[in-house]
Amino acid sequence: MVGYENGFLPRQDPLAKLPYRFYALENLLQNMPIHLPDGREGLLANGQLGDAVKRDLPQFDVSDITDQRLLSALFGDYTFLASSYLLEPCDIMYREKKDYGLGREILPKNIAIPLNIVANKLNAFPFMEYARSHSLYNYQRIDPTKPIVYPNLKLVRAFAGTAPERGFILVHVSMVARSGNLIKCTMETLEAAQEKDRVKFNNALKNLIDTMNSINQEMETMWERSNSEDYLKFRTFIMGSKNQPMFPNGVIYEGVSEKPLFYRGESGATDSMIPCMDNLLQITSKLPNNPLTEVLKDFRKYRPANHKEFLDFVQRRAEEVNVRGFAIQVSLYLANMDQIRAFRHRHWNFTKEYVIKNSKHPVATGGSPIVTWLPNQLGTILDQMNKIGQTIDYNKLTPENKIIIDEIINKVDAQERVLKREVKFLKEQFGSSQDRVVI
């Protein structure tokens, strides 16, 4: 559920351990990571997971389960296992040759059938939904009396079992833990715009800036909590099967579909925080009409159903009450856009440092072109900020606000120029692969 307390996180903490009924699945997942907590090597370390799945995992009947918390845990665990099983050969080859090779083309029925049943119960896609099954459902609060922030979190499942992997996932969780106030401010902004209450509207926008700033500051801790040099050691397992060279023929779900299926892997595009801001500030409608934007729309299908319903409501309601029109002369609107810019710019910096610097793989984990995908969205917000900046009446600004607005616009101008140069240079490095967009 989406709410003021939990934000875009589940209302209840995810299960840290499956019931005894699923002991074989729990045991397999605990022994799966490359590095186990006690220092031993796990099944993925030497390519032993595939045999263990065939030998030790029964085909569980999950058709009777209705408990949402257990369904969520099983969904996360089965997608986790599906990712590991299908991409295990790719991980082994990458460690040896820095090339991914081919993944397994058949997901065995002891994973595929229960995963498909659980996914249908949750109205979800039965494949590598990392942003959902890992960041949302892959943590446990150490002290339930304290807020859900990074120091109070523990990782439930792992691929590599390393500190950088733990940091990568839990920083995301800690960011989303701040989304409750974002939702509250979103609703207050919509209500104020409907009521034409300028004071209430401005207060909502101020609180929205503070909330987004706290999310951005938590995002910044990624640099210290997840070493960029170690990211590629677990990145393999968050790849999808759609537009990935490791799965040229897709994946057959044994006992579910004889036709090969293609699903996207992990992507920040399945997160709900920035899309919420885009919809509230009516930026979504300003995205360019191109294949990259169509891919962004495709990612919407991978969000939890109630997230999608809420985001659709925000977009529709913002247009009805005309948030952009009511705010257009208010510098607070531009300052909120600047928080979106900061988020997307930081994401782009992560991609350059964590991925592009260390790999020539042409597509991101979600199947989008690695060089042009994020700049499509970042470039949009920069362009819109420039246009909004031109509409501001400086005569109505305080001296302090004039300085703030000038700083924002100057930053946008410089960043826009740099981004165009970066994309041009990187497209030359990666070649024609960046023009291939699969929707």
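Biologist: Which helix is K420 in?
Modeller: K420 belongs to helix α17, which covers residues 399-430; helices here are DSSP runs of H or I with at least four residues, strands are E runs of at least two, and both are numbered from the N terminus. Please keep in mind that this is a predicted model, in which local features need pLDDT of at least 70 and side-chain atom pairs count only at pLDDT 80 or more, while totals for chains, interfaces and linings use all residues. Residues are numbered from 1 along each chain as its sequence is written, and side-chain values use heavy atoms, with hydrogens and water left out.

Biologist: And K420, buried or exposed?
Modeller: K420 counts as exposed because its relative accessible area is 60%, where exposed means over 50%, buried means under 20%, and partly exposed lies in between, using a 1.4 Å probe and protein chains only.

Biologist: How far is the C-alpha atom of K420 from that of G379?
Modeller: The two C-alpha atoms are 8.6 Å apart, although K420 and G379 are separated by 41 residues along the chain.

Biologist: Switching to E26, where is that one?
Modeller: E26 sits in helix α1, residues 23-30, and we call E26 buried because its relative accessible area comes to 4%.

Biologist: Which residues does E26 touch?
Modeller: Leaving aside residues up to four places away in sequence, E26 touches A16, K17, L18 and R157, with contact taken as heavy atoms within 4.5 Å.

Biologist: What lines the largest pocket?
Modeller: There are 22 lining residues, and M1, Q68, S72, Y137 and N306 lie nearest the centre of the largest pocket. Helix α3 provides the largest share of that lining, with five residues, while α3, α5 (130-136) and α13 (305-321) each give at least two.

Biologist: What about the second largest pocket?
Modeller: The second largest pocket has a volume of about 440 Å³ and a lining of 20 residues, with P37, L155, V156, R157 and A158 nearest its centre. Here α1, the helix that holds E26, gives the most, namely three residues, and both α1 and β3 (153-155) supply at least two.

Biologist: How many cavities are there?
Modeller: There are two of 30 Å³ or more, and the second largest cavity holds about 100 Å³ of space. It is lined by 16 residues, of which L15, A73, D77, Y137 and V156 are the closest to its centre. Helix α3, residues 68-97, contributes the most to this lining, with five residues.

Biologist: Now the aromatics: how many pairs do you count?
Modeller: The count is 18 aromatic pairs, and one of them joins F299 and Y302, tilted, at 6.4 Å centre to centre and 55° between the planes. Rings of Phe, Tyr and Trp (its six-membered ring) pair if their centres lie within 6.5 Å, and planes under 30 degrees apart are stacked, over 60 edge-to-face, and the rest tilted.

Biologist: Why is F299 called buried?
Modeller: F299 is called buried because its relative accessibility is 0%, and Y302 is buried as well, with a relative accessible area of 7%. F299 also forms a tilted aromatic pair with W373, at 5.6 Å between centres and 50° between planes. That pair links distant parts of the chain, F299 in helix α12 (residues 291-299) and W373 in helix α16 (residues 373-389), 74 residues apart.

Biologist: Which residues form an aromatic cluster?
Modeller: One cluster is made by F168, W223, Y231, F234, F350 and Y354.

Biologist: Last topic, the backbone: what is the phi of N243?
Modeller: The phi of N243 is near 55°, a positive value in a residue other than glycine, whereas most residues other than glycine have a negative phi. N243 lies in the loop between α10 (232-235) and β4 (251-253), and N243 counts as buried at 9% relative accessibility.

Biologist: And where is Q282?
Modeller: Q282 is in the loop between α11 (273-280) and α12, with a positive phi of about 60° although it is not a glycine, and Q282 is buried at 14% relative accessibility.

Technical notes
1 Å grid on protein atoms, 1.4 Å probe; cavity = no way out; pocket = protein on both sides within 12 Å on 5 of 7 lines; lining within 4 Å. Points joined across faces, edges and corners; volume = space filled by probe spheres on them.
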